[in-house]
Each structure stands twice: as structure tokens, then as C-alpha cells.
Amino acid sequence: MYDAVHMKRLLWFIVGIVLGIGLALLIGWQLLPVQRANSSPALLRRDYQEEYLRLIAIAYQVDDDLTLAQQRLAELPPDSLVSVTERWIAQGKSDAILIPLAQLARDLGVSTPGMQPYLQRGAP
Amino acid sequence: MKPWGVLIVGLILGLAAGLLYTWVISPPEYYDTYPPLLDKPYRADWIQMTVLAYGVEDNWNRTQLRLQGLPEAEIRPIAASVLDSAVDTGRPLVTLQRIAKLAAFYGIDTPAVHVYTGANSAAPTPAPTGTAQAISPTSAPMATAAIPPTNTSVPVPTLTITTSTATPLNEFHIVSQTLTCTDPPHIAVSLALSHTITVRRREEVEWLPLPGREVWLLWEDGADRAVTGFNPEMGLGYADFTVAPGRVYKLYIDVPRGAPVSTIQVEPCTGDEGEGWISRLLVLLTQGD
């Protein structure tokens, strides 16, 4: 008799634990997930990553600090600079966008044929 | 304990353990995030580059989109710092004005913002005063050459000054020159606008300091530029340069073209003045009305 009551309580306890954990997973991962502002530029949405790239190129044009530009680029997926620049060249983006990117790529030792017209137009 | 009591205890323990796991041990990893969720140093970098880019691109809407969702408390100090840094590194005036406009939008209230947004400066309609005239140097102490304070006890006409309004050359003339002996030597200027106000039917001349004006020193193979107003304790019209001994400098206001306001040679001190080089504080006046 005592064991049956004990077992029943244990069963209720386990049911409670399981329900509690299930509820916590629902709350913690779905309903109220913790939003920590701790992501890196590589985790930005693609359009924001491209914007980050543009900002790096403009900042480089202003401050002429190649080391800083390299540090910033290192936070983005590899080859972002060249791939985005080439894609935007193909899409016919404006000189104002492409010249800083092409100049940054050139100064980092990467220069594709598609970038040449922008480098010439951006030459002082 | 009743069975439901045991159930609730289990539920609470399970909930606590589950939340510990989902919020602390294994929080969800986010992909496709946006700038406000960047780690703080990256956010600061994003803001800094955005402010700098606005100074270059002048694209207000894009800048607002880039800064969307970011706390203003974070934007403010960074924008102020970018403006100060841009001033220090001698960025073009138009860039400084754009950055100052953005900084002012976020409620930054620094001397640099005032100077480059033209918030407390006036664009006088100058009356040409002919060629610059040098006056004989005096040996009065520097403090005596300070521009007289604006009389605030009388109604003062409101002036609107914009720093982008370039005024003609040679509108300034030297009204006093103070020499001191220092090492290293420097050349300082204090620009003021002279205008007449009527107080109780009597006309009085008032001097207003002129912040945000470019002062140029040109020498044989170089040039230097300063903007008035960045040393407020010396006056809003004040700017100075450290200069090289023996060199001859031409002083210009606003644009380094045409006849200089003054030509200055940095000479050694002589006699009782002590050792070092002669530094000058020139008080330059332009006519307002």
C-alpha cells in the first residue's frame, strides 16, 4: 500500500518535471527567446552584410586605413568584397557605390577586369 | 504531500531547469540579424562608419535606415567623436557640416556642432574695407587684446550667420596685434564682426566673435588651416597655429587666394623679451552694418 502511494507520487513528480521542461523549451526557444545583442557582422542578413561592406569601403576612402579595413572585412564571409563588387558591377550599380569598393579591392591586391573601368574613373 | 502538490513541485523544477538551459546554456543562435543585434563593438563600428559615410554621401534617408533601431544613447557619443576627429584631421568643410547636421539631429550640443551647423554664428553682409593694414606691434599682455564681451544688458539684434557663406577677401583688417615671446612660436587670430546697434537712441559699436571661419597660413611650400571657435575659452573667434621659426607666413581668412591679410615672419625675441620666438595674437575686425 505504501509503495503504491509512493510510486504514484513519483509518477506525478516525473510528469511535472517533463511538463515543466516542455513548457520551458516552448518559452525559452519560441515564445520568449533571449535576444542577446552579441552577433557578429557575419550573422547579419545579406543586405546588411552588403551595407557593411559599402560602409567599410567608404570609411577606407576617408581614413585611408587599410589595416582597419582588413580587420573589418575579416568579420564578413571570405571573398565577400570581390563577389559583391562583381555582382554589383553586373547589376550596373552606380559609380558612387562601385568606385570605393573597387579601390579597396585593388589596395588589397585583388583587381578583376570588371573593376578596371571603376578604378580608372575613380583615379584622381 | 498530495499528488497535485508533487506535480507542481516537478513542474516548477522542470520549468526552472528548462529555462536555465534555453536562456543561459543554449540560447538560440540568430542568423540574418540586423545591426541592433550586433555585439557592442561592432555596433559602435557600424555607427561610426555610418556617420562618416553621411559626411561623404550626404544621403539622409540611407543614413536613417542604417541607424534604424540603434539606441540614440549609443549614436550620440560616437557621432560627436567622429565630428571631433574629422575636425582634427582637417576634413573638407562640407563634410564637417554634414556630420554636424547629423550630430545636431541626435541632440548633440558641442562647440563643433554649433560651429559647423552655424547655430550661433552670423553671416554678415560685409562692407569692403580696402586692403589689409598692419599696425605697429604693441607689447601689451595677451589678455588685454581679448575681444570685449558682448553687452547682454541691451537688446541685441539677431544675426544669422552661416559658415558656408564665403565672404570676400580682405574684408578683415587688423585692429590690434599682441606680441609675446614663446618657444615654440605661434600665430593666433581672433576674428570679430563690428556692427552698430542703437541703444536708447544712441548708436553703439558692438563686436561679435566669428566662429566657424577658416583661417589659412601659407608659406613657401605648404599651408595650414584652422577654424575659429574650437578654443571657446579664448573666444569663439579664436584660432591659432604653431609655426616654424624663421619662416614667412601669409595669413588669409576664408580662402587662401588674393592678397593676404598680413605677411608675418617669425623672428627671434630680442633684448629684454627673453629667449624664444615672437608669437602674435592678431585681432581682426570686419564691418557688419
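**Where the chains meet**

This is a predicted model, so start with the contact between the chains: 40 residues of chain A and 38 residues of chain B take part in it. Now stay on the chain B side. Helices α1 (3-25) and α2 of chain B each put in at least two of the residues that touch chain A. Pick α1(B) to see the largest share of that side, 16 residues. Colour the touching residues of chain B by type and you get 28 nonpolar, 6 polar and 4 charged. For the complex, the predictor reports an ipTM of 0.79 and a pTM of 0.53.

**Colour by confidence**

Next, colour chain B by pLDDT. The average for the chain is 77, with 79% of the residues scoring at least 70.

Now select residues 120-170 of chain B, where pLDDT stays under 50. The model still has 95 contacts beyond four places in sequence for this stretch.

**A pair of strands**

Last stop: select strand β7 (residues 248-253) and β8 of chain B. They run antiparallel, joined by 4 bridges. Look for B:Y249, which stands opposite B:I264 in β8(B). Then turn to strand β8 (residues 262-265) of chain B itself: B:S262 and B:I264 are on its covered face, while B:T263 and B:Q265 are on the uncovered one.

Terms used:
Residues are numbered from 1 along each chain as its sequence is written. Chains are lettered from A and ligands numbered from 1 in the order in which they are written. This is a predicted model: local features need pLDDT of at least 70, side-chain atom pairs count only at pLDDT 80 or more; totals for chains, interfaces and linings use all residues. pLDDT is the predictor's confidence in each residue, from 0 to 100. Two residues are in contact if their C-beta atoms, placed from the backbone, lie within 7 Å. Ala, Val, Leu, Ile, Met, Phe, Trp, Tyr, Cys and Pro count as nonpolar, Asp, Glu, Lys and Arg as charged, and the others, Gly among them, as polar. A residue is buried if 20 or more other C-beta atoms lie within 10 Å of its own, exposed if 12 or fewer, and partly exposed in between; C-beta atoms are placed from the backbone. Two strands pair if DSSP finds at least two bridges between them.
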